[in-house]
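Hello,

Please find the structure below. My notes on it follow.

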Amino acid sequence: MEAIERALDIALIVMENGGSTANAERTFRNVLRGYRQEGGTVGWRLDLVTVSGAGDDRTLTVVRAIGPVGVNLVRASAAVVLGERMARGEIPPAALPSEIARVRALPLPYKRGPVMVASALTAAFICRLLGGDLPAVGIAFLAGGIGAFFRPVLRAAGVPAAPLAIVCGLISASLAGLGLRLGLSPTVGPALVASVFYMVPGIALINGFLDMVSYRHLLIGLERIASAALLFLALAVAVAFAYSFVI
Amino acid sequence: MDLGTILLQGLLAGFFAGALGVILTAPPRYLIPVFLCGFTGRFVRDALMSFGLSLNWSTMLAAAAIVLAAAAIIRRQTVSPVTLASAILPLAASSSMFDAILALMRVSASTGEALQSASVSLIFNASKLFMTSLAIALGLAFGLVIVKVIRGEHDWGTM
């Protein structure tokens, strides 16, 4: 029982920090291997995980809630590595709680400033790729960077993902719309779409694709893709709002 | 499309992927692989299109090329999702999704001749989105299967 609980602790770090379901399950089984145990049947959803297996003299089922899924791939990667080291016997089970605490405490790899610059650059590069002219690239750069400034503030205030996408999307798209309304560029579509690109739920989308491709995790794959589609819709509402006052 | 333009688009896609990698909290050691995969995907797609291949086939092969490049550069057991996410997005499924949703909104607000034009735009964008997404999904699956075969792995459920 303790082995399953510890294995779930580490597998949930993978899930809650943007890792794929396949990676979470592999980590779960790796940790159990470290305890010299075989895993039972594992069922994944975006909000909970169930594990069924034979106990001492009866069948056990463990259900654990999965917290809000964020993105800290450094932490997810460290949890996967921890599972691999457990499987190789490099970490004794007694040392696992302190290792789990260490992984949980890993901070984000980039501070707020570099993320803002990266958001602005993302908007600028995708604007150019979508056919925007140089003024449009400048508009997208500024709109994306300023919108990205508010993202961590709202996230720290506990705003959920979809409202967060709408608010940040509205800020960025409205700023881009303002620049376009002033006649700085005729390439409306690329500038507006690019300004909110830093919010695109790429990890959810790709993890959803990977889960569906593996077929074993088809349902959670569909959940992830539906959740990504909801965020796309929120961003599209923001872009449509800005579009309505540009035209 | 001439070689210079293809290279420039590839470089832009690479830089875009690298910047997106920072937003998606990719570990710093992954940023160069992410750049290379972003470059590879867009370069392969544009190069194939310039040889006359259709957008969908080119996108599918580019997605497969991204998986192969990621597996070759990052020699881990699994292909990192952040590398795929950052490198796949320049293949433009996301912009098709925005176009389709905007077209849907235009349809609901138009009348007369504008409605006809908006409806055609919606059908075009929705089908483009569907086909581009399908091409990317198939390309990813194709690439992952090749990686599994090359590495001699038989656990097909853990891609």
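By class, how many residues in the lining of the largest pocket are nonpolar, polar and charged? The lining has 29 nonpolar, eight polar and eight charged residues; Ala, Val, Leu, Ile, Met, Phe, Trp, Tyr, Cys and Pro count as nonpolar, Asp, Glu, Lys and Arg as charged, and the others, Gly among them, as polar.

This is a predicted model, in which local features need pLDDT of at least 70, side-chain atom pairs count only at pLDDT 80 or more, and totals for chains, interfaces and linings use all residues. Residues are numbered from 1 along each chain as its sequence is written, chains are lettered from A in the order in which they are written, and side-chain values use heavy atoms, without hydrogens and water.

The pocket (an open set of 1 Å grid points where a 1.4 Å probe fits, with protein on both sides within 12 Å along at least five of seven lines; lining residues have an atom within 4 Å of a point) has a volume of about 1,300 Å³. Among its 45 lining residues, A:Val69, A:Gly70, A:Val71, A:Arg151 and A:Arg155 are the closest to the centre.

For A:Cys127, the nearest cysteine sulfur, that of A:Cys168, is 19 Å away.

Regards

Methods: A disulfide is a pair of cysteine sulfur atoms within 2.5 Å. Grid points are joined across faces, edges and corners, and a volume is the space filled by probe spheres set on the points.
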